[in-house]
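Please read this briefing with the sequence and the 3D structure side by side. The topics follow one another as grouped points.

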Amino acid sequence: MSQLRSLSPSLFADRLADTDVSFEFFPPKSEAMETRLWAAIKTLEPLAPRFVSVTYGAGGSTRERTHNTVRRLIRETTLAPAAHLTCVDASREEIDAIVRDYRDSGVRHIVALRGDAPDPSKGYQPTPGGYANAAELVAGIRAIGDFEISVAAYPECHPESASLVADLDNLKRKVDAGATRAITQFFFEADQYFRYLDHVRSYGIDVEITPGILPVTNVKQLKRFADGCGASVPRWMADLFEGLDDLPQTRALVAATVAAEMCRRLQAGGVNSFHFYTLNRDELTYAICHMLGIRSSTHGTSQEKAG
């Protein structure tokens with residue numbers, strides 16, 4: 001009994017105050033996907049996120065759908081949209097025109113990314129007459145308007161970076177160009193984030209480093225994602241989902257618990273902002289936010305304070 005009494009209390013015993021969340025969506029490719037997206041948006045909207053971001057497809061392939069989704073968010077919701085923008089397949093003049101259009105439409109936040117090569121086998125090549133990289137893109141956006149600008153950060157290094165030092169050099173260039181926040185690639189162990197944050201701060205980078213959280217139910221799909229972005233999938237995670245291929249509800253329960261536990265460990269280390277890669281699904285993200293103490297504004301306040 002003495003051993004049981006000495007165990008630490010549950011990670012979920014205390015509801016912590018002042019936790020902010022943001023959500024990422026991708027633009028729909030079909031009418032059915034559009035219906036699903038807007039159902040997810042309406043479910044998550046009452047959680048009062050700081051912002052919601054809308055992605056670009058590879059090579060800028062969803063550019064117009066991204067723009068349409070952002071405009072609809074402005075028209076039909078109370079949410080603050082952040083539009084993703086990449087350097088791929090567009091001249092500086094084209095990108096600058098998009099930025100001005102966003103500014104005139106009321107968008108005040110842009111997620112500035114280099115973007116992936118349209119043909120991965122050929123590697124990334126700057127578009128002739130375009131912005132060569134994310135740092136140049138950030139500077140171009142900053143020259144046009146007083147935007148909030150988020151950029152990407154990689155706790156396990158970008159797959160094209162030669163070293164951690166090279167990766168941190170790139171992040172510092174983006175911050176020096178005017179980025180106001182970095183959002184990390186997904187990861188699955190809190191220590192990975194804290195080690196990375198130590199490196200970032202020792203490099204003189206002092207902007208907010210928001211952890212990116214990916215709720216996982218499909219490990220095979222996750223491994224494909226991870227292979228393309230330099231993230232690792234711990235063996236224990238694959239083991240947790242083993243044998244659950246035909247049990248989607250059980251997978252969802254496991255996924256919510258795993259993600260919420262990591263977020264609470266991050267909270268215990270002083271992190272109070274999280275960015276969720278929703279994959280246009282609302283149930284898991286909503287459940288995790290609930291376990292973090294965030295409550296729907298339709299039930300009184302957007303968040304119940306501690307105490």
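The structure holds 18 salt bridges, a salt bridge being a side-chain nitrogen of Lys or Arg within 4 Å of a carboxyl oxygen of Asp or Glu. This is a predicted model, in which local features need pLDDT of at least 70 and side-chain atom pairs count only at pLDDT 80 or more, while totals for chains, interfaces and linings use all residues. Residues are numbered from 1 along each chain as its sequence is written, and side-chain values use heavy atoms, with hydrogens and water left out.

**Salt bridges**

- Asp 282 forms a salt bridge with Arg 36, and the closest N and O atoms of the pair are 2.9 Å apart.
- Asp 282 lies in the loop between strand 9 and helix 11 (283–291) and Arg 36 in helix 2 (residues 31–44), so this pair ties together parts that are 246 residues apart in sequence; helices (H or I, at least four residues) and strands (E, at least two) are DSSP runs, numbered from the N terminus.
- Asp 282 is buried, with a relative accessible area of 8%, whereas Arg 36 is partly exposed at 31%; buried means under 20% relative accessible area, exposed over 50% and partly exposed in between (1.4 Å probe, protein chains only).
- Arg 142 and Asp 146 also meet through their side chains in a salt bridge, at 3.8 Å from N to O; Arg 142 is partly exposed at 26% relative accessible area, while Asp 146 counts as exposed at 74%.
- Within helix 10, Arg 265 and Glu 261 lie 4 residues apart, about one turn of the helix, and they form a salt bridge whose closest N and O atoms are 2.9 Å apart.

- An open sheet is formed by 9 strands in the order 7-6-5-4-3-2-1-9-8, with parallel pairing; two strands pair if DSSP finds at least two bridges between them.
- Strand 7 (208–210) and strand 8 (212–213) stand at the edges with a single partner strand each, so one side of each is left without a neighbour in the sheet.
- Strand 1 (residues 20–25) pairs with strand 9 (residues 273–277) in the parallel sense over 5 bridges, and Ser 273 in strand 9 is the bridge partner of Asp 20.

**Cavities and a pocket**

- On a 1 Å grid over the protein atoms alone, a cavity is a set of points where a 1.4 Å probe fits but cannot get out, and a pocket is an open set with protein on both sides within 12 Å along at least five of seven lines; lining residues have an atom within 4 Å of a point.
- Grid points are joined across faces, edges and corners, and a volume is the space filled by probe spheres set on the points.
- The structure holds 5 cavities of 30 Å³ or more, and the largest cavity has about 80 Å³ of space.
- The lining of the largest cavity has 12 nonpolar, no polar and no charged residues (Ala, Val, Leu, Ile, Met, Phe, Trp, Tyr, Cys and Pro count as nonpolar, Asp, Glu, Lys and Arg as charged, and the others, Gly among them, as polar), and its largest share, 4 residues, comes from helix 10.
- The second largest pocket has a volume of about 220 Å³, and its lining divides into 3 nonpolar, 2 polar and 5 charged residues.
- Helix 8 gives the most to the lining of the second largest pocket, with 3 residues.
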